[in-house]
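Please look over the sequence and the structure shown below, and then read the briefing that follows. It is grouped by topic.

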Amino acid sequence: MIAGMTDTADHDGTEPRTEEAAAPTPRERRIAAWRNAPRVLARLGFLAPLRERLTLLEAAGDAYDLDETADLYGNGVVEALERRVAGLLGTEAAAFFPTGTMAQQVALRCWAGRTGNPVVALHPLSHPEVHERNAFSQVSGLRPVRFANEPRLPTAEEVRDFEEPFGALMLELPLRDAGFVLPTWDELTEVAEAARERDAVVHFDGARLWECTEHFEKPLEEIVGLADSVYVSFYKSLDAFGGAALAGPASLVEEAKTWRHRYGGAVFQQFPTALSALIGLDRELPRLPEYVRHARVVAAALREGLAAGGLPWFRVHPEVPHTHDFQVWLPYEAEFAAETAIRAGEETGTMLFANHWDPKGPGLAFTEVYVRAAALEWTADDVRGAAADFARRLTGA
């Protein structure tokens, strides 16, 4: 017998007994229900099996000349993607990064060197504050300061009256953890002007900037024109394999590429990710305004269906979504809401709430609702019916 192994065969020579397979976790059940449900509001590529995910590259030949030599350390198809992004955003240049966390640290580190001030003013619900483990301060020598504790972007008055100097103002558009919320166009313009009155630069955390045009009723280049630099993601809205870009003045982007190398972002070959991003720009970007408009239909029908199902209190936030994503709040424990959503998907084949539920206090939970191409097959009546059924399951009616 090999050391470290145990003999599980019965003494009578029969085959070994196998342990019962572990019960699936709630997350595994939720993803399985989402994959198997004929009707969902979004088919998120990153949750698909590898075989299905790789089919995305079948369209690569339509996005780029596949007879070109593969990229090495950021040339070739990566440079083509950078030029495409700069053209779409109306900036002088853009640099590809493997992650948005790296892109934004590099951008704000470069700006700190130029302004002489390492202080970055941002909302406490911004991505670096909530999801990046204090990367600004721990890795890049930046000092974040926070304002506007309410679940919205800061106002021009708050920027003007902030009690200490800052070198950069970072605005997440939309502010995901506040409910994917956006200011009005006039408010955004005034905030940018207020920052410049204080000799600060403006950087947009535009991970989901691609879908903001419908809310602002402005083209991408006009929105980006309010900022000194912007980061965009390729997978959050465009369904690419990953990756991000930093866009802005050519001199900033060249400096950022140097820091990209220092931070370990000069990856040997990135053509699968770059090709998937180009495919996303071709396929998904033109459809985002349609998704946003339909999200408004979905949100209104959700409210009507939850009320018809007998829920005494709930919240769809924002009531009129600013993008194609929004939140739903319920007066139930997160585990119960999640189990109810999973069972509804398993039993009906309709997965209305496919994302996880977060606890936000005793008996209070929320989830995020994503509206993508799959949701376009839902009518308002479809949403109302699914929401009413879910509400009745919650209340036991």
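In this predicted model, histidine 294 touches Val371, Ala375, Leu376 and Trp378, leaving aside residues up to four places away in sequence. Histidine 294 belongs to helix H14, which covers residues 288-308, and with a relative accessibility of 13% histidine 294 counts as buried, because buried means under 20% relative accessible area. Between histidine 294 and alanine 22 there are 272 residues of separation in sequence and 40 Å in space, taken from C-alpha to C-alpha.

**The sheet with strand E9 at one edge**

- Four strands make up an open sheet in the order E9-E10-E13-E12, and their pairing is antiparallel.
- Strand E9 (315-317) and strand E12 (357-359) stand at the edges, where each has a single partner strand, so one side of each has no neighbour in the sheet.
- On average, neighbouring strands of this sheet are turned by 25° against each other, if direction is ignored.
- E9 is joined by 3 bridges to strand E10 (residues 325-330), and the two run antiparallel; valine 316 stands opposite valine 328 in E10.
- Helix H15 (residues 334-348) packs on the sheet and touches both E12 and strand E13 (365-370), while the direction of helix H15 makes about 170° with that of E12.
- As a general point, the strands of a sheet pair through backbone hydrogen bonds, in either a parallel or an antiparallel way.

- Strand E8 (residues 244-248) is mostly covered, since 5 of its 5 residues are buried.
- Both faces of E8 are covered, with Ala244, Leu246 and Gly248 buried on one side and Ala245 and Ala247 buried on the other.
- Strand E2 (residues 93-97) is joined to E8 by 5 bridges in an antiparallel arrangement, and alanine 94 stands opposite alanine 247 in E8.
- Strand E7 (residues 229-233) also pairs with E8 in the antiparallel sense, over 4 bridges, and here serine 233 is the residue opposite alanine 244 in E8.

**Salt bridges**

- The count of salt bridges comes to 25, and one of the networks that they form links Arg29, Glu339, Arg343 and Glu346.
- The side chains of arginine 29 and glutamate 346 meet in a salt bridge of 3.0 Å from N to O; arginine 29 lies in helix H1 (residues 26-36) and glutamate 346 in helix H15, so this pair ties together parts that are 317 residues apart in sequence.
- Glutamate 346 is partly exposed, with a relative accessible area of 43%.
- Glutamate 82 and arginine 260 meet through their side chains in a salt bridge of 3.5 Å, N to O, and this pair links distant parts of the chain, with glutamate 82 in helix H4 (residues 77-89) and arginine 260 in helix H12, 178 residues apart.
- Both glutamate 82 and arginine 260 are buried.
- Arginine 152 forms a salt bridge with glutamate 150, with the closest N and O atoms 3.3 Å apart; arginine 152 is partly exposed at 24% relative accessibility, and glutamate 150 is partly exposed at 48%.

**A nonpolar patch on the surface**

- Leu72, Tyr73 and Phe268 form a nonpolar patch on the surface, and together they have about 330 Å² of accessible area.
- Phenylalanine 268 lies in the loop between helix H12 (250-262) and helix H13 (271-283), and with a relative accessible area of 45% phenylalanine 268 is partly exposed.

Note on methods
Residues are numbered from 1 along each chain as its sequence is written. This is a predicted model: local features need pLDDT of at least 70, side-chain atom pairs count only at pLDDT 80 or more; totals for chains, interfaces and linings use all residues. Side-chain values use heavy atoms; hydrogens and water are left out. Patches are made of residues with over 30% relative accessible area and no salt bridge: like charges are joined within 9 Å, nonpolar side chains (Val, Leu, Ile, Met, Phe, Trp, Tyr) within 5 Å. Accessible areas come from the Shrake-Rupley method with a 1.4 Å probe; for residues, only the protein chains shown count as cover. A salt bridge is a side-chain nitrogen of Lys or Arg within 4 Å of a carboxyl oxygen of Asp or Glu. Buried means under 20% relative accessible area, exposed over 50%, partly exposed in between (1.4 Å probe, protein chains only). Two strands pair if DSSP finds at least two bridges between them. Axes are lines fitted to C-alpha atoms, for helices over the stretch in contact, and angles run from 0 to 180 degrees between N-to-C directions. Contact means heavy atoms within 4.5 Å.
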